[in-house]
Amino acid sequence: MPRMTLQTGLILDELVKSPAEPRYGLDLMHAVGLKSGTVYQILARLEKAGWLTSEWEDPAVHEAEGRPRRRMYRLTPEGAEQARRVVSQPGYRHQSVRARRLLTEGGF
Amino acid sequence: MTMPDPLAAAVSSYLPAEDVRFLEQAYRFAAESHQGQVRKSGDPYITHPVAVATILAEQRCGKDLVGAGLLHDTAGPVPERFGAPIADLVAGLVRLEDSHDIESASDGVLRLKLADRLHNLRTIAHVLPARQRAKSAETLRILVPVAERLDLTDVSRELSALASGVLRRTPRVLAAAAILLPKSVRSRWVAEWTGELAALPTRRGRAGFVAGLTIAMPGLARTLRRTERSGGNYVLSAGAIAATFLNTGLTWPAAVVAVAALAGLAAVLFAGDGTAAKRLRALIEAWRRR
């Protein structure tokens with residue numbers, strides 16, 4: 001069980017919206033509004049716990065777009081189940097609403 | 001004063017003697033005009049127009065385009081004796097650089113611009129990093145497609161290799177901080193971040209990305225190391241380090257001095273040059289092998 005912080009919850013919340021879709025770090029940073037250090041640390045922790053898997057994207061895709069390859073993350077079946085559980089907890093729901101307001105209003 | 005060899009050989013291989021003599025004069029004028037000027041690399045400035053003209057000659061361009069390569073950076077208008085076509089090409093290049101209007105530039109001006117950028121990218125190591133990135137991004141976005149449209153396959157390939165090389169370079173701070181990560185996974189994370197950095201458009205965004213990672217690096221290293229050893233081992237090794245300190249009979253004030261000295265050593269190592277990170281890494285690795 002990885003350490004559950006509010007930021008971890010926000011990331012899981014974002015991932016669980018479409019569990020089958022692979023996401024990359026920068027994309028999650030922008031979607032959730034967290035800093036690089038926070039996001040990659042959470043990704044590492046969730047991957048280690050087996051909630052996420054990651055792989056390099058298909059070379060055909062990034063070469064066609066003329067940019068370096070991305071590392072793509074996806075929820076495992078266990079991760080998806082746990083993520084749904086975490087984000088449906090009343091405590092998380094309450095906190096995340098406040099946190100989102102702070103993040104989007106640029107409180108810090 | 002005669003044209004340097006690679007250029008002389010290139011133009012004589014396909015242009016009539018008359019045109020070669022004409023280019024010889026253009027070269028002399030350019031060399032006098034750039035007398036005393038140097039490139040950022042420290043090379044005499046004339047090496048740049050000569051290289052641009054050589055690139056154009058290798059594409060077997062006509063005498064006017066090669067001549068425009070030689071004269072494109074000379075001060076003031078191109079003298080009348082070199083003819084209107086060269087003057088137009090050079091004026092067109094200046095206009096293009098002011099307006100960035102690719103659409104209204106002639107193919108000749110675009111070829112001149114591509115050769116100019118190609119040599120500038122070949123020698124970009126001497127330019128400030130932020131400018132290197134800006135020029136490289138612009139090259140990929142605007143000039144590589146132009147080279148493709150003009151069927152200059154070799155130019156397009158070289159431009160895009162040089163420019164993406166600059167954009168995919170790992171910032172030194174990040175490479176140094178990543179030393180904390182376990183060796184087995186270090187290159188994966190560094191490659192991942194370097195790739196993301198290339199996608200960030202602003203300098204401010206990239207600086208924030210690198211700063212955030214650098215600050216989080218010790219925490220990330222702890223997270224990743226826990227996968228390599230069990231938590232118990234981790235505590236044990238911390239205990240072992242503590243015990244070593246105690247065994248040497250250090251009192252607490254002495255320990256504080258020792259830590260400060262280590263920090264000082266690190267500061268001295270990093271304040272030096274680019275190889276400092278490598279030296280620190282060698283030190284840490286020597287210590288880990290012990």
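In the predicted model, the buried residues of helix 10 of chain B are Trp189(B), Glu192(B), Trp193(B), Gly195(B), Glu196(B), Leu197(B) and Ala198(B). A residue counts as buried if 20 or more other C-beta atoms, placed from the backbone, lie within 10 Å of its own. Helices are DSSP runs of H or I with at least four residues, and strands are runs of E with at least two, numbered from the N terminus. Helix 10 spans residues 183-199 of chain B, and its 17 residues reach 26 Å from the first C-alpha to the last, close to the 24 Å expected at 1.5 Å a residue; the expected span is 1.5 Å times one less than the number of residues.

Chain B comprises 14 helices and zero strands. Of its 290 residues, 30% are buried.

In chain A, the axes of helix 1 (residues 6-16) and helix 5 (residues 77-88) come within 9 Å and cross at roughly 120 degrees. Helix 1 of chain A makes the contact through Gly9(A), Leu12(A), Asp13(A), Leu15(A) and Val16(A), and helix 5 of chain A through Ala80(A), Ala83(A), Arg84(A), Val86(A) and Val87(A). Residues are in contact if their C-beta atoms, placed from the backbone, lie within 7 Å.

Residues are numbered from 1 along each chain as its sequence is written, and chains are lettered from A and ligands numbered from 1 in the order in which they are written. For this predicted model, local features need pLDDT of at least 70 and side-chain atom pairs count only at pLDDT 80 or more, whereas totals for chains, interfaces and linings use all residues.

Key:
Buried ≥ 20, exposed ≤ 12 C-beta atoms within 10 Å, placed from the backbone. Axes fitted to C-alpha atoms, helices over the stretch in contact; angles between N-to-C directions. Contact = placed C-beta atoms within 7 Å.
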